[in-house]
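Me: I have a structure open and would like to go through its inside with you. Could we start with the aromatic rings and then move on to the core?

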Amino acid sequence: MNKKAIFLLGIIFALLVLILVVFFLNWHFNKHISFAGLSNKKTLIVYYSHSNHTEEIAKMIRQYLNCDITEIKSEEYENKNAAELTNLVTEQIKKNYLPQTNKINISDYNIIFVGSPVWQGNISLPVKSFLINNNFDNKTIIPFYTFGGFVNKSKLDNQVKELSHTDIVLPSFLTVCYKFTFTKTRLIRWLSKITL
Ligand SMILES: Cc1cc2nc3c(=O)[nH]c(=O)nc-3n(C[C@H](O)[C@H](O)[C@H](O)COP(=O)(O)O)c2cc1C
């Protein structure tokens, strides 16, 4: 074997070791994490999702907390492609219009995770309807959002506070829709930092 081949093999070996170390550290970190801040609380995950990104995050949260989960539905947006949806939402935002959504009973829960895609820099209209139409007295809201390109997180958090009429809104989780690879680790860290 010539020197060049030995050098290349050495690099490949070093890369493999590095990948193994990263995976081990990640596994070790995730294994020892606890979500004690959320124990003994009745928790519900509520989300709206048009193209399943927010749903994926909602399901990841559920995987760790093993709590109830339910979807906000609105017929108005079903079977619409991205362009049709964008046109409709643009018109509706201009008119301050809010859509009809299914009824969701949150009375049995202390903590409500609320998941929304970002629409025109805002939380999505079905999630706005959900926040306006429910009573969040004595409940804690924990928001999470997925977006595609540009977003102002504090604007979204303020919308959640204003529409739900509660100040008990904990730090939110935000993730861009096409980078789910490292999302799990970030999500676990966010969940583990929640204190009530
Ligand atoms: C009508 C509409 C408006 C959107 N507006 C924004 C936006 O202002 N900023 C952004 O970063 N992404 C925007 N997006 C992208 C979505 O937020 C992103 O794809 C999200 O993950 C979709 O979630 P879902 O699959 O759960 O519906 C928009 C998408 C749609 C359909």
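**Aromatic rings and nonpolar cores**

Reply: In this predicted model, Y48, Y77 and W119 form one aromatic cluster.

Me: How many aromatic pairs does the structure hold?
Reply: The structure holds six aromatic pairs. One of them joins Y48 and Y77, whose ring centres are 6.5 Å apart with the planes at 70°, so this pair is edge-to-face.

Me: And where do Y48 and Y77 lie?
Reply: Y48 is in the loop between β1 and α2 (53-65), while Y77 is in the loop between β2 (68-71) and α3, so the pair ties together parts that are 29 residues apart in sequence. Both Y48 and Y77 are buried.

Me: What about the rings of Y77 and W119?
Reply: Their centres are 5.2 Å apart and their planes stand at 70°, so Y77 and W119 are also an edge-to-face pair. Because W119 lies in strand β3 and Y77 in the loop between β2 and α3, this pair ties together parts that are 42 residues apart in sequence.

Me: Is W119 buried or exposed?
Reply: W119 is buried, and so is Y77.

Me: New topic: which residues touch the most other members in the largest nonpolar core?
Reply: That core has 30 residues, and I112, I123, F130 and L131 touch the most other members. Among the elements that give two or more residues to this core are β3 (111-119), α4 (125-132) and α5 (153-164).

Me: What is I112 in contact with, leaving aside neighbours within four places in sequence?
Reply: Its contacts include L44, V46, F130 and I142. There is also a second, separate core of 21 residues, which includes I45, I57, F113 and I188.

Technical notes: Residues are numbered from 1 along each chain as its sequence is written. This is a predicted model: local features need pLDDT of at least 70, side-chain atom pairs count only at pLDDT 80 or more; totals for chains, interfaces and linings use all residues. Side-chain values use heavy atoms; hydrogens and water are left out. A nonpolar core is a set of buried Ala, Val, Leu, Ile, Met, Phe, Trp, Tyr and Cys residues joined through side-chain atoms within 4.5 Å. Buried means under 20% relative accessible area, exposed over 50%, partly exposed in between (1.4 Å probe, protein chains only). Helices (H or I, at least four residues) and strands (E, at least two) are DSSP runs, numbered from the N terminus. Contact means heavy atoms within 4.5 Å. Rings of Phe, Tyr and Trp (its six-membered ring) pair if their centres lie within 6.5 Å; planes under 30 degrees apart count as stacked, over 60 as edge-to-face and the rest as tilted.
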